Each structure stands twice: as structure tokens, then as C-alpha cells.
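Please work through each task with the structure at hand before reading its solution.

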Amino acid sequence: MGAVILFYYLLCNGSDCNVVPFAVTREAAAIVACESGDGHNYGTYSRHERSATQDGGLFQFNDATYEWLQGRTHADTDTPANQYDAFHRLWRDGRGWKHWKASQPCWSQWMRIDDDGRAVWR
């Protein structure tokens, strides 16, 4: 699966806020950098990203897909951990890479498609 990368987000309950770390795979971090980051720097992201096509969140889920996966729309308003859970369900150890085919020209700088049709780290 590769190295684990820690992301951080601010979780607030009223006036009490805490920085919360969560772990993701390096493959997920590459997808995030291309979908909601700057597309060039590995590990960049905006958890509240909303595109012109109304896809949202770290992994840019459309609302119908996110509702199917998580029972709610607007991934961009959900926690990063829940967004990662939805990603993990679709990613299927690299076999679900086609869900992010549109950003493949970006993430192919870090991953490639192997002979088994899986996205794997270079």
C-alpha cells in the first residue's frame, strides 16, 4: 500500500477547535493533489473545494456519487476522514482509478497503470 501520509484539518464544536490528523495512502494524496490541490505539488489540498461542475471535496465527488457512498451530498462539507472512506471504497487498491481518469494526466507524474490494470506508485 505504500507510505502513509498525515493530513490535518480543523474540527470545531462551538468555540472549541482542535487540529485533527488523519492518515491516507500516498496514492490518495496524489489524487487529492490533482483534484483539489494545485496539481503540481504532492500533498496540496483544499477540503472544501467545489468545482465549476459542482463536484466537491478532497477527491471531487459529484453529489449523487457521494450520496450513494456516504448517505449525504456535498463531500466538501463532510469531514476529510469520511471523504477518504468514500475514496477508499471506489479506489479498490488501484483498480478504481478510472473514477479519476479526468485527472490522470496530473496524477500520472506519481503513479502508473500496471499490467493488471491497477494504478500503482512509480
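The model is predicted.

**Exercise 1.** Identify where in the chain the partners Arg 50 and Asp 63 lie.

*Solution.* First, the side chains of Arg 50 and Asp 63 meet in a salt bridge at 2.9 Å, N to O. Arg 50 belongs to the loop between helix 1 (26-35) and helix 2 (63-70), while Asp 63 is in helix 2, so the pair links distant parts of the chain, 13 residues apart. Finally, Arg 50 is partly exposed, with a relative accessible area of 22%.

**Exercise 2.** Explain which parts of the chain Asp 93 and Arg 118 tie together.

*Solution.* The closest N and O atoms of the salt bridge between Asp 93 and Arg 118 are 3.5 Å apart. Asp 93 lies in the loop between helix 3 (80-91) and helix 4 (104-107), and Arg 118 in the loop between strand 3 (111-113) and strand 4 (119-121); the pair therefore ties together parts 25 residues apart in sequence. Extending the view, a network of salt bridges links Asp 93, Arg 95, Asp 114 and Arg 118.

**Exercise 3.** Describe the largest pocket and its lining.

*Solution.* The largest pocket holds about 220 Å³ of space. Of its 13 lining residues, Gln 60, Phe 61, Asn 62, His 99 and Trp 100 are the closest to its centre. By class, the lining comprises five nonpolar, six polar and two charged residues.

Methods:
Residues numbered from 1 in each chain as written. Predicted model: local features only at pLDDT ≥ 70, side-chain atom pairs only at ≥ 80, totals over all residues. Heavy atoms only, no water. 1 Å grid on protein atoms, 1.4 Å probe; cavity = no way out; pocket = protein on both sides within 12 Å on 5 of 7 lines; lining within 4 Å. Points joined across faces, edges and corners; volume = space filled by probe spheres on them. Nonpolar A, V, L, I, M, F, W, Y, C, P; charged D, E, K, R; others polar. Salt bridge = Lys/Arg side-chain N within 4 Å of Asp/Glu carboxyl O. Helix = DSSP H or I, 4+ residues; strand = E, 2+ residues; numbered from the N terminus. Buried < 20%, exposed > 50% of the residue type's maximum accessible area, 1.4 Å probe, protein only.
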